Amino acid sequence: MSEPILIWGAGAIGGTLGAYWARAGIPVLLVDIVPEHVEACRTRGLAISGPVEAFTQVVPAATPAELSGRYSRIVLAVKAGATEAALAALKPHLAEDGFVLSAQNGLNELAIARAVGEQRTMGCFVNFGADWLGPGEILYGNRGATVVGELDGSKSERVVEMHRLMEMFEPDAILTDNIFGYLWGKLAYGAMLFATALTDDSMSANFSDPERLPVWLALGREVGAVAAKRGVTSLGFGNFDPMVFAPGRPEGPQIETIRWLADYTSQTAKTHSGIWRDLAVRKRKTEVDPQIGVIATLGREVGIAAPAIETLVALIHDIEDGRRPMAFETLKVLIDQCRSASTTA
């Protein structure tokens with residue numbers, strides 16, 4: 001197929017995928033709202049750096065205003081909070097028989113399906129570490145799980161083809177019939193990453209600290225409870241098995257999972273999460289509401305409370321709005337709440 005894959009959002013995830021595909025000879029067109037980034041990608045090239053691999057690849061790119069035509073394959077890779085605006089802008093460019101693949105964090109497939117229809121939506125789970133450093137520069141910090149799947153679990157020709165393309169980027173890419181299982185599994189990890197961003201400490205330092213353990217356990221269990229109530233069988237990555245946090249599961253394997261996360265996050269050049277970078281470096285709002293707040297909302301729909309998640313969302317907003325610092329004292333609010341809840345349970 002000579003028609004390019006349209007990647008809407010050329011940041012950490014979309015830019016990395018686009019650079020790898022373009023280098024492999026796959027026609028790609030990046031779309032991004034940052035004119036300087038677009039110009040860098042299509043002129044001097046998109047520079048991928050880090051321990052995995054370093055190279056520079058010129059990739060065709062355009063701003064939304066410059067884009068014309070319709071495309072059969074659109075990879076949506078914007079921040080979760082920008083999903084609705086991006087969908088409104090890209091919808092006129094989606095071919096009638098085309099689809100949108102969500103290479104994002106969270107449950108954005110639900111919003112995409114509402115906007116363009118379930119039949120024109122494809123699910124994707126990505127867990128590699130990357131950061132957008134500036135125009136034409138992306139840090140690829142570590143390899144990670146990459147999974148694609150149709151929302152209904154079918155093994156269609158188009159999902160088989162997207163899996164083949166994903167294998168060009170990540171040789172261990174998975175084709176699944178349970179994409180929502182992977183997405184819910186990452187929500188447990190994602191909630192924990194948001195909590196690590198309450199301080200300036202690295203992800204590994206947070207997961208290694210015994211005093212902070214009640215937070216990781218509480219967040220994992222709340223996501224596990226909501227997923228179970230909604231009939232989801234969560235799937236993980238590496239040695240991270242979100243099902244250890246399902247209702248009624250023993251604490252031992254949960255603690256071992258957190259120990260594994262401490263080790264896993266110590267082996268990447270990306271020492272802090274993208275959430276931390278949003279707060280500490282880029283000084284902008286995070287994706288906390290569409291990515292994490294949605295868990296509490298979905299929990300309320302099925303009668304499951306998520307007090308730790310609700311407190312975490314509030315603390316992130318406090319940092320965003322300047323009411324609290326990024327410091328241990330902010331995380332301590334959540335630690336104390338989770339410890340108190342565990343002793344009264």
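Predicted model: local features only at pLDDT ≥ 70, side-chain atom pairs only at ≥ 80, totals over all residues.
Which residue in β7 is the bridge partner of Tyr71?

1. **The pairing of β6 and β7.** The bridge partner of Tyr71 in β7 is Leu94. Strands β6 and β7 run parallel to each other, and 5 bridges join them. As a general point, the strands of a sheet pair through backbone hydrogen bonds, in either a parallel or an antiparallel sense.

2. **The sheet of 8 strands.** Strands β6 and β7 belong to an open sheet of 8 strands, whose order is β5-β2-β1-β6-β7-β8-β11-β12 and whose pairing is mixed. The edges are formed by β5 (61-62) and β12 (174-175); each has a single partner strand, so one side of each has no neighbour in the sheet.

3. **Strand β1 and its two partners.** Strand β1 (residues 5-8) is parallel to strand β2 (residues 28-31), and 4 bridges connect them. Strand β1 also pairs with β6 in the parallel sense, here over 3 bridges.

4. **Burial of β6.** Is strand β6 mostly covered or mostly uncovered? Strand β6 is mostly covered, since 6 of its 6 residues are buried, that is, under 20% relative accessible area.

5. **A helix across the sheet.** Helix α5 (residues 157-169) lies across β1, β6 (71-76), β7 (94-102), β8 (121-126), β11 (146-150) and β12. Relative to β11, helix α5 runs at about 175°.

6. **The sheet of 4 strands.** A further open sheet has 4 strands in the order β4-β3-β10-β9, again with mixed pairing. Strands β4 (55-57) and β9 (129-134) are at its edges, and because each has a single partner strand, one side of each is left without a neighbour in the sheet. From one strand to the next, the twist averages 25°. Strand β3 (residues 46-49) pairs with β4 in the antiparallel sense over 3 bridges. Within this pair, Ile48 of β3 stands opposite Phe55 in β4.

7. **The largest nonpolar core.** This core has 58 residues, and Trp184 and Phe207 have the most contacts inside it. At least two residues come from each of α6 (179-196), α7 (203-208), α8 (213-229), α9 (251-264), α10 (274-280), α11 (288-301), α12 (307-320) and α13 (328-344). The helix that gives the most is α6, with 12 residues. If residues up to four places away in sequence are not counted, Trp184 touches Leu107, Val223, Val226, Ala227, Arg230, Val232, Ser234, Ile295 and Leu298. Another core, of 40 residues, lies apart from this one; Ile13, Tyr20, Trp132 and Phe169 are among its members.

8. **The packing of α11 and α12.** In general, two packed helices are described by the angle between their axes and the distance between the axes. Helices α11 and α12 pack at about 150°, and their axes are 9 Å apart. Angles over 145 degrees count as roughly antiparallel, and α11 and α12 are therefore roughly antiparallel to each other. The crossing of α11 past α12 is left-handed. Which residues meet where these helices pack? From α11 they include Val288, Ile292, Ile295 and Arg300, and from α12 they include Ile309, Leu312, Ile316 and Glu320.

Notes:
Residues numbered from 1 in each chain as written. Heavy atoms only, no water. Pairing = 2+ DSSP bridges. Contact = heavy atoms within 4.5 Å. Axes fitted to C-alpha atoms, helices over the stretch in contact; angles between N-to-C directions. Core = buried A, V, L, I, M, F, W, Y, C linked by side-chain atoms within 4.5 Å. Buried < 20%, exposed > 50% of the residue type's maximum accessible area, 1.4 Å probe, protein only. Parallel < 35°, antiparallel > 145°, perpendicular 65-115°, else oblique. Left-handed = near helix turned anticlockwise from the far one by under 90°.
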